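Student: Please show me the model, and then let us go through its packing by question and answer.

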Amino acid sequence: MVNANVMALLAHGSINYEGVAGGTPQLTAEDVAGALGMGNLPREAYLLGLLKYAGDKTVLHELDRLVQEYVIRVGVREKWREPWPNDKKRSLMFFKQFARLMINEIVFENLCDVCKGTGIDKRSNKFRKCNCNDGKRPLTKMKQAEFCGIFEKCWRERWYARYEVCLKQVHKWHAQIIFHLSEYLEKNKKSL
């Protein structure tokens with residue numbers, strides 16, 4: 001298993017545990033992209049890794065399309081009804097937002113807006129523990145429904161469970177990325 005020091009090198013501006021906190025990571029975005037390219041990852045996982053760990057936003061359009069296609073394939077297999085059967089354009093936009101919501105959950109890790117992921121609320125003179133869950137605050141179902149452009153009641157009753165099912169696959173791609181990068185970095189730690 002790769003240690004925390006090696007994984008910390010992936011994030012831009014991460015803490016360098018071997019010296020003074022902060023600074024630039026020892027691995028560049030190009031190193032991460034190269035490591036991702038040397039794996040036998042599915043295209044979706046590769047693009048997700050480029051977006052999250054290399055900061056390459058140019059892949060977002062293709063990743064959106066691939067995740068949206070995955071969601072639609074699951075919908076066809078499970079015989080989901082479109083949210084707006086008489087308005088294909090609106091239904092496609094819903095599925096695009098549905099896919100983007102899953103991507104955002106992985107890439108931005110649902111960091112709390114108040115504490116910025118630290119778990120400490122610094123808004124006043126006194127620091128105190130933030131009300132979030134260790135720096136993470138997932139979107140509420142109401143915010144998810146709003147993001148996808150659908151009524152909250154419909155989201156809760158029908159689409160949230162489907163979202164959770166599809167999100168498992170995106171988490172699987174993310175796990176493949178982590179495994180591949182940790183294996184690659186462990187093998188090549190000496191040359192870095």
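Student: Which residues is Phe94 in contact with, leaving aside neighbours within four places in sequence?
Tutor: This is a predicted model, with residues numbered from 1 along each chain, local features needing pLDDT of at least 70 and side-chain atom pairs 80 or more, while totals for chains, interfaces and linings use all residues. Side-chain values use heavy atoms, without hydrogens and water. Contact means heavy atoms within 4.5 Å. By that rule the partners of Phe94 are Pro83, Trp84, Cys148, Ile150, Trp155 and Trp159.

Student: At what angle do the axes of α4 and α5 cross?
Tutor: Helices are DSSP runs (H or I, at least four residues), numbered from the N terminus. Axes are lines fitted to C-alpha atoms over the stretch in contact, with angles from 0 to 180 degrees between N-to-C directions. Angles of 65 to 115 degrees count as roughly perpendicular, and α4 and α5 are therefore roughly perpendicular to each other. Their axes come within 8 Å and cross at roughly 110°.

Student: Is Asp64 buried or exposed?
Tutor: Asp64 is found in helix α4 and is one of the residues that make the contact with α5. Asp64 touches Lys96, Ala99, Arg100 and Ile103, not counting residues up to four places away in sequence. Buried means under 20% relative accessible area, exposed over 50%, partly exposed in between (1.4 Å probe, protein chains only). Asp64 has a relative accessible area of 4%, so the residue is buried.

Key: Helices (H or I, at least four residues) and strands (E, at least two) are DSSP runs, numbered from the N terminus. Angles under 35 degrees count as roughly parallel, over 145 as roughly antiparallel, 65 to 115 as roughly perpendicular and the rest as oblique.
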